[in-house]
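Here are a few notes to read with the model open beside you. Take them one at a time and find each residue as you go.

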Amino acid sequence: MTGTQFRETRNKLLLTQRELAILLGVSIKTISRVENSSRAVEKERALAVLALEYMNRENQHAKKNVEAQAQTAKEKEQIEDRDANIDI
C-alpha cells in the first residue's frame with residue numbers, strides 16, 4: 001500500500017491523522033510519514049494498514065447493524081399503522 005492509498009483509506013474512514021494516531025498509539029508524525037512515504041516505515045505501515053482494515057470491517061458491521069435497526073423500526077411502524085387502521 002502506498003502512502004497515498006493509506007491516506008485515501010484513512011479519509012474514507014473519516015479519521016484525521018490525530019484520531020488515527022491516537023487509535024494506533026503512535027504519533028501524528030508517524031502517520032504523516034507513512035502517508036508521505038518520507039522514510040522507510042514498513043513495520044509502522046503494516047501495523048497501520050492492519051488497523052485500518054480492521055476498523056473498516058468494524059465500520060461495515062456497525063453500518064449493517066444500523067440498517068437492520070432502521071428496517072426493524074420501519075417494520076414496527078408499519079405494523080402499528082396497520083393496527084391503527086383495523087376496526088375493532
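1. Just after helix α1, L14 takes a positive phi of about 60°. Helices here are DSSP runs of H or I with at least four residues, numbered from the N terminus. Keep in mind that this is a predicted model, where local features need pLDDT of at least 70, side-chain atom pairs count only at pLDDT 80 or more, and totals for chains, interfaces and linings use all residues. Residues are numbered from 1 along each chain as its sequence is written, and side-chain values use heavy atoms, with hydrogens and water left out.

2. Now look at α1 itself, which covers residues 3-12 and has G3, F6 and R10 buried. Buried means under 20% relative accessible area, exposed means over 50%, and partly exposed lies in between (1.4 Å probe, protein chains only). Seen down the axis of α1, the buried residues fall within an arc of 60°, so they line one face of the helix. That arc is taken from the directions from the helix axis to the C-beta atoms.

3. Which residues does R10 touch, leaving aside its neighbours within four places in sequence? They are L15, T16, Q17, L20, I31, E35 and L52, where contact means heavy atoms within 4.5 Å.

4. How many salt bridges does a search of the whole structure find? There are two, a salt bridge being a side-chain nitrogen of Lys or Arg within 4 Å of a carboxyl oxygen of Asp or Glu. In one, the side chains of E35 and R7 meet at 3.3 Å, N to O. This pair links distant parts of the chain, with E35 in helix α3 (residues 28-36) and R7 in helix α1, 28 residues apart. E35 is buried, at 3% relative accessible area, while R7 is partly exposed, at 26%.

5. E35 also forms a salt bridge with R10, and their closest N and O atoms are 2.4 Å apart. Here E35 in α3 and R10 in α1 are 25 residues apart. Through shared partners, salt bridges join R7, R10 and E35 into one network.

Notes:
Helices (H or I, at least four residues) and strands (E, at least two) are DSSP runs, numbered from the N terminus.
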